[in-house]
Each structure stands twice: as structure tokens, then as C-alpha cells.
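Grab a pencil and work through these exercises with the structure open beside you. Try each task before you read its solution.

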Amino acid sequence: MGDNKRPENMERITTPELADAFITEQLEALRAQIGDKKVLLALSGGVDSSVVAALLIKAVGKQLVCVHVNHGLLRKGEPEQVIEVFRDNLDANLIYVDASDRFLSKLTDVTDPEIKRKIIGAEFIDVFAEEAGKLDGIEFLAQGTIYPDILESGPVKAHHNVGGLPEEMDFELVEPVKFLFKDEVRVVGRQLGLPENMVNRQPFPGPGLGVRCPGAITRDRLEAVRESDAILREEFAAHGLEGKVWQYVTVVPDFKSTGVRNDVRAFEWPCIIRAVNTRDAMTATIEEIPYDLLAKLAARITSEVPGINRVLYDVTPKPTGTIEYE
Ligand code: XMP
């Protein structure tokens, strides 16, 4: 694997001191590699790309150009947080592209999960390449590759299909965290001063909420996924579960059932909650969340999210259920 093998003597980064040493070493290496040239980064706001951005801002400041593409399938508050953290607080060169309409119109009436993924992946590359084409003098492309991305050859890696770039975009790669595991990236991120909720962020698939809105995506059902997810995250944080449960999601399937609201029959969607723990995402167990939390979630989601009249808890481990619904 040559360049892609973690050095055998590399110590596991578990403490702030070890993270500081890693940061100092990386800043030097990045400055040596990049010199006075410009670097481009697709900044999703996930832990990996955020840590890479924070390192590069420290190393080369405004020579870094971050592009944050909003594909319309992000969680509530995500683009705003990326802008606040990187543009407002860290004074980064950040291009924000709201391409929601473009993605959602391409996805209209598309029901096949794999075709949905492909459309989102291809569109992402197009939008990013268009933005890159408007910039002059970029020589490097930074990526938030982490060690499991290099090691994994199973279905998880095959999923990571958003973010690849056309081969004709001939940049030299900058991958400062490519030998780190996720827990190490989080320790480094914390030392770089990134907000705790960004450092602790759960994995979020490239196709975003699109895989939690099974079947053809409609704006109203997508909004129900986004709002219920925001409530789920808020309640998990309030109950001390943020950073403790590996991944928790809401899904709004494309069918309705009869309910009753203000004494009138209400024909609305269910909202499925799923909360799992795993080491490597290949298998997963169910988080046994307290019943009072479930009851609170049911009450809030059915009263605050338009179109939802039932809340269900998915108790299926992986296998047989995958973590995402598509
Ligand atoms: P599944 O649903 O296969 O998911 O049990 C395993 C892990 O991978 C994430 N995932 C994705 N990540 N692009 C990604 O970047 C994708 O298309 C994708 N699909 C699933 C999922 O969130 C879970 O952490």
C-alpha cells in the first residue's frame, strides 16, 4: 500500500497533548507541501472535512478555498453552522452554494434507491466542478480521507460515493488526516477549537436525508424528516446521549395511516426512529433508549411536525436491518 499505510510507530492520538503534537507536525508538513499555492476543499461540515479545513486554515489561511454545497438534503441548521464556524469565526474563504432546487428537481419521481444515490453523487460532482472552474490558480485538492476509508473494502466504502471528482480535474491531493481513525480525528478537532457538537457529529451519509425519505422525495415529506431529526437530536442531547449513541435517525416512509387529531380523522405519515451502536457499521445493535424519552419524542414529533400522526421505534439490529432505510 506504500504511501497509504499508517506508519507502524505512529502513536494512537488519545490525549490533547498528542493531538497538539500531531497538529504542529501537520502544520509544518502542509506549509511545506502547499507553499504559496491555493487549495480547494469540499467542506460538508462533517467531522473529517471540518478538521481538515481547520488544519488548513491554521496552516495556509486564505490560500484555502472551502466550497460548501447544500444539496437540499442536509440536516436542519447544518449550512448555517458551517457558515458561522468557518466564515464568521475562523475567517475562512468559504463559498456557499445553495443547490437545493437543482438537486430536488433532478430527484423528482425517482424511486430507486441506487438511482437516487447516483443522481445525488453525480450532481454533487457537477456543482463542485462548476465552482472549481470559476477559480483561478488552484493546485491542490484537500480531502477528509481517514484511515478506515483506505482500509475498508466492504459495503460502507462502496457507499462513500459523494465527493469523488472527475479525473480531468488534475489536482495534487492533500490528505492530512488519512492515517487517523475517527476517534483520533475527534480529539484533533477538539484541540483545533471546533464546537463540540461538530466534533461529536454522528456519521451522516453523503446522500443525506434522501436515504431517510424512502421512495420518491417530496418537499413536504423531506421537511418532516428534517424537522423530526432536529427534535431527535435535541432530545438526545438533552438526555446526555449525544456522542454516546453511534447513530440515530428518523425516517418518514411513503405511506399514510389513519389517526385522529382534534377529534377529526387525520390521514398522515408515521415517523420511524432508529438508534444504533456499532464499531464498524457492518453490524449494529439497538440502543435501549429510556421509555420516557420515547414518549417525549412521540409527543413532540406528532405535535410539532406537520404530517406525522404516529411515531415508531425500530428494534431491528443489523443484520437484518441496515442502519439507513435505503
Ligand atoms: P447501512 O445503511 O449500510 O450504513 O447500514 C452503514 C453506514 O454507512 C452510512 N451510509 C453512507 N455513507 N454515503 C455515505 O457517505 C452513503 O451513500 C451511505 N449510505 C449509508 C450510514 O449512515 C451508516 O453510518
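**Exercise 1. Does Leu27 count as buried or exposed?**

Before you start, note that this is a predicted model, in which local features need pLDDT of at least 70 and side-chain atom pairs count only at pLDDT 80 or more, while totals for chains, interfaces and linings use all residues. Residues are numbered from 1 along each chain as its sequence is written, and side-chain values use heavy atoms, with hydrogens and water left out.

Step 1. Find Leu27 in helix H1. Helices (H or I, at least four residues) and strands (E, at least two) are DSSP runs, numbered from the N terminus.

Step 2. Get the cut-offs: buried means under 20% relative accessible area, exposed over 50%, and partly exposed in between (1.4 Å probe, protein chains only).

Step 3. Leu27 has a relative accessibility of 11%, so it counts as buried.

Step 4. Look at who touches it. Setting aside neighbours within four places in sequence, Leu27 is in contact (heavy atoms within 4.5 Å) with Leu55, Lys58 and Ala59.

**Exercise 2. Describe the chain as a whole.**

Step 1. Its secondary structure comes to eleven helices and ten strands.

Step 2. The radius of gyration is 20 Å, close to the 20 Å from the globule rule for 326 residues, so the chain is as compact as a globular protein of that length. This radius is taken over C-alpha atoms, and the rule is 2.2 Å times the number of residues to the power 0.38.

Step 3. The C-alpha trace spans about 70 × 40 × 35 Å along its principal axes.

Step 4. Of the 326 residues, 51% are buried.

Step 5. Among contacts with a separation of 6 or more, 78% are between residues 24 or more positions apart.

**Exercise 3. Which element gives the largest share of the lining of the second largest pocket?**

Step 1. Here a pocket is an open set of points on a 1 Å grid over the protein atoms alone, where a 1.4 Å probe fits, with protein on both sides within 12 Å along at least five of seven lines; lining residues have an atom within 4 Å of a point.

Step 2. The second largest pocket holds about 430 Å³ of space. Its lining has 20 residues, and the closest to the centre are Phe22, Glu25, Gln26, Pro176 and Phe179.

Step 3. Helix H1 (16-34) and strand S5 (172-174) are the elements giving two or more residues to this lining. H1 takes the largest share, with eight residues.

Step 4. Sort the lining by class: 14 nonpolar, two polar and four charged residues. Ala, Val, Leu, Ile, Met, Phe, Trp, Tyr, Cys and Pro count as nonpolar, Asp, Glu, Lys and Arg as charged, and the others, Gly among them, as polar.

Terms used: Points joined across faces, edges and corners; volume = space filled by probe spheres on them.
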